Amino acid sequence: MKISAHAVGRMVGTWQEGPGPAHQRLSDRLRLLILDGRLCLGAALPGERDLATALGTSRTTVGAAYRTLVDHGYLATRERARATVRLPHEDVPAERRRAGADAEADADAEGIDLSFAAPPAPSEILHAAFATALERLPLHFERHGYDRYGTAELREAVAGWYGRRGLPTSPDHVMITNGAQHAIGLLARTLLSPRDKVLIDHPTYPHAIRAFTDARARLLPVAVGPAGWDVPQLLAAARSAQLAYLIPDFHNPTGMYMPADVRRSLRPACPTIIDETLADLGLEATDPDPAAEPFTATHPTAISVGSVSKSIWGGLRIGWIRAVPALLERVARARPATDLGTPVVEQLATAVLLNGGQTRRPDALLQLRAQQDALLTALADHLPEVRAPRAPGGVTLWARFPEPVGSRLAAIAPDHGVTIAAGPRFGVGGAFERHVRLPYTLPAPRLTEAVRRLAAAHRALTAGATGIHTPAAVG
């Protein structure tokens, strides 16, 4: 598989930013693209002259970057052939293996995983919900069990969830899916054609990026900055888009909340998917903006996606789509190509949880708030140069380092006993190298220890160490 110079140029993004010589910055960015899987194994990279032209730099710079990658085992070369991507594995120099082993010996045997942003299961209420579900299961035994729309019980419960939020909903406007990611993928395959344009928040949920790129769509990123959403930019981009995807409720990864006036003024000219997975996770005494209402309440053509993975448990793979029946019918026709429906027991248990109002539990929200406080305190103590604004809800902080170290830090952090999700996982074009996403879903002592380890990894990186770890999955 050959990769064009222009494709590589788009992937490396703003590689010129940062300390050190240009060839080192370029080789670092290419190495991180390899570790992240965006430059796949065996792929043939463009020639030095072609890539230099695409990047607007000298052939000498590209040649030096390629030689560095060859020396460290990330590229293989043959005479009169393109350099091909590989991984070093056991060919990593012995001194680097020893350095990694020493760092791991300093960390506890158990690593701390900050790549997944989901709370532990609320065991008592989850157990009770499944017990009730098993009692109701025999009512479904006479049916075949394959239902592309979901059980009536859960569709009614989801409709009730919307109704309590001020959006009257009929069960025939609801389809049950295997989580929100599955819902987004189904909608992408139904609504998009190759080369269609999709407007997205930037940064945004990484699995949505993957769903849209898998549908061969082109992404139109609009920045969500410190001041929030830029309505004029969003509306301008929407005029040329075939679909928009937004997260107005405790945005992933920033945790920001779209104010009521922005919601009412934002009327994209294209169909819009609203991800409401985090809608029940407001951490203030009241919701950040009591006047705000579900986005779809004032935007009847909007499509809503939700799940219980953040408000209940990531292992409960239940999500849904709220849309007009005509669109759900299109999704149902396309769905058998990927799956035949959602497991019945999990649906019945989720219906119990939704009907009992268990997706918004005051005790769980108080605990999340305390854990967020602990994470902010740990950052102030161990990484005072990092800026992480307090989030009004959700489960993550969007932490900004002074320098573009996100991917390099993610590659070295496991050597110090912690796994993180680097900023570029949440954007396109190599953006957000100064950022990492930090969830506060672990107990406070573990969060404090995780930040201490992250600070140690950052010190090692500053001292010149490099990492070889492939980026972890993001949840």
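**Rings and charges: worked exercises**

The charged end of Arg-263 sits over the ring of Tyr-257, with 4.8 Å to the ring centre. Keep in mind that this is a predicted model.

**Exercise 1.** Work out which kind of aromatic pair Phe-250 and Tyr-257 form, and whether each residue is buried or exposed.

*Solution.* Start with the distance: the two ring centres are 4.7 Å apart, and the cut-off for a pair is within 6.5 Å. Next, take the angle: the planes of Phe-250 and Tyr-257 are 35° apart, so the pair is tilted. Then check accessibility, where buried means under 20%. Phe-250 comes in at 1%, so it is buried; Tyr-257 has 15%, so it counts as buried too.

**Exercise 2.** Classify the pair Trp-161 and Trp-320, and say where in the chain its two residues are.

*Solution.* The ring centres lie 5.5 Å apart and the planes meet at 65°; planes over 60 degrees apart count as edge-to-face, so that's what this pair is. Now place the partners: Trp-161 belongs to helix H7 (residues 152-164) and Trp-320 to strand E11 (residues 319-322).

**Exercise 3.** Which residues form one aromatic cluster with Trp-161, and which charged end sits over the ring of Trp-161?

*Solution.* The cluster brings together Trp-161, Tyr-162 and Trp-320. The charge over the Trp-161 ring comes from Arg-165, whose charged end is 4.7 Å from the ring centre.

Methods:
Residues are numbered from 1 along each chain as its sequence is written. This is a predicted model: local features need pLDDT of at least 70, side-chain atom pairs count only at pLDDT 80 or more; totals for chains, interfaces and linings use all residues. Side-chain values use heavy atoms; hydrogens and water are left out. Rings of Phe, Tyr and Trp (its six-membered ring) pair if their centres lie within 6.5 Å; planes under 30 degrees apart count as stacked, over 60 as edge-to-face and the rest as tilted. Helices (H or I, at least four residues) and strands (E, at least two) are DSSP runs, numbered from the N terminus. Buried means under 20% relative accessible area, exposed over 50%, partly exposed in between (1.4 Å probe, protein chains only). A charge sits over a ring if NZ of Lys or CZ of Arg is within 6 Å of the ring centre and within 35 degrees of the ring normal.
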